[in-house]
Amino acid sequence: MTKEKIQSGHTLIEDIISILIAVIMFTIGALIFKESQLIASGTTGLSLILTYKTDIGFGTWFSIVNAPFFILAFMRMGLKFTILTIFSIISVSLLVDYSPLVIEIKSYNKFVSAIVGGITIGLGMLIMFRHRSSMGALSILGMYLQDLKIIKAGKFMLSIDMAIMIISFYLFDIETVLASTLTLVISNGILIMNHKEGRYSPNKTK
Amino acid sequence: MKKNINQSGHSLIEDIFSILCGIIVFSVGLLIIKSVGIITGGTAGISLILSYVTNISFGVWFVIVSAPFFIISLIKLGIKFTIMTVSSIVISSLIVDNLKISMEFNHYGMFISSLFGGILIGVAILILARHRASLGGFYILGVYLQDKNIMSMGKLALISDFIIMSIGYYFLNFELIFFSLLTTIIYNVFIMINHKPGRYLPNEISKNKKLAKYLQNEINNKE
């Protein structure tokens, strides 16, 4: 192991490849959601709602919604984390907007899409976390607020998700809301079950 | 000691949930590939060729092709692993055959489809491997041959994939085979980068110094 290690305990190349893969997983999830008009958690969910209600594409909204948090990320989490996060968010935006040109996903059942999309988005987020990047600007804000001792990060994200769900309850039909809740449970389940700080950091063998 | 290692260090619920996730991701990856008409390596590849050539669906072929390996698995790798593998293969067959009722993947470009498919399959195999399950008959055969010191697992995978691709060449055109190779390379490289046994064990195990030492020796021996 002569290569320079960065924070996550992986080499830089490993981090970049893994984040690219996470971006693609996340994109597939977002495409499935978009196709069946489902809502996800956090800024993804917010951008999805905005996409359904306006004529502007998901990618644009996703970049806009996340933009204010870049500054926060830069102040709080350091340059490398910020660059990786910006890189992930922009590549997801571009991929989601342009991959319909090359791949088309059709969906006839919201609950099946909720399960498949929830798993792919959850896995994408998990890979990002493990390689010290992130998709959700809200998690950065949550960590910031926790440091300021205003509210706990988990509680903050939960209340934001609840708020998104309540808003969507007024905007969409009951089936969409139920299926979206299922998505939240699945993708957060994957994160809760798998993202235990330090549990899976690479063991330093030699 | 050995038992602990086989059980991957997760609780049963975690194993089942993760394996289910892995199966679903695998099925989606396979469907994306299937929509383009390309193949992959392993038993899934054989089943794909057979499903393109005959009228019988992929799921049925996947179970039939994998069946002989179940017996090796039962004899050599224990009942728990066999049950996990058999149920994984059956579930993924059912999903691949029936997901089209509620979801369809169409394509306009081979490159993106093979890229997406390769990555999804790679992630799925990685999840399954980390939870000590598998979808591939050749994986079982590989474990058996490696134990007998006949052939290493990587070699078997390489040779079998090569044979499957050559057979596929008789049925598919050059472009399709090219992208099949791309998919296979993507997921194999992905697994090569990520699947280092012992590196990512949950820390409960690595805290257990005796076991960690044993595992390290195992890894060193293999290298």
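A:Leu191 is found in helix 8 of chain A, which covers residues 174-194, helices being DSSP runs of H or I with at least four residues, numbered from the N terminus. The model is predicted, and local features need pLDDT of at least 70, side-chain atom pairs count only at pLDDT 80 or more, and totals for chains, interfaces and linings use all residues. Residues are numbered from 1 along each chain as its sequence is written, while chains are lettered from A and ligands numbered from 1 in the order in which they are written.

Because A:Leu191 has 16 C-beta neighbours inside 10 Å, it counts as partly exposed (a residue is buried with 20 or more other C-beta atoms within 10 Å of its own, exposed with 12 or fewer, and partly exposed in between, C-beta atoms being placed from the backbone). Leaving aside neighbours within four places in sequence, A:Leu191 is in contact with A:Gly122, A:Met125 and A:Leu126, contact requiring C-beta atoms within 7 Å.

Helix 5 of chain A (residues 110-130) has 21 residues and reaches 29 Å from its first C-alpha to its last, close to the 30 Å expected at 1.5 Å a residue, the expected span being 1.5 Å times one less than the number of residues.

In chain B, helix 4 (residues 58-76) and helix 7 (residues 137-147) pack at an angle of about 35°, with their axes 8 Å apart; axes are lines fitted to C-alpha atoms, for helices over the stretch in contact, and angles run from 0 to 180 degrees between N-to-C directions.

Key. Helices (H or I, at least four residues) and strands (E, at least two) are DSSP runs, numbered from the N terminus. Two residues are in contact if their C-beta atoms, placed from the backbone, lie within 7 Å.
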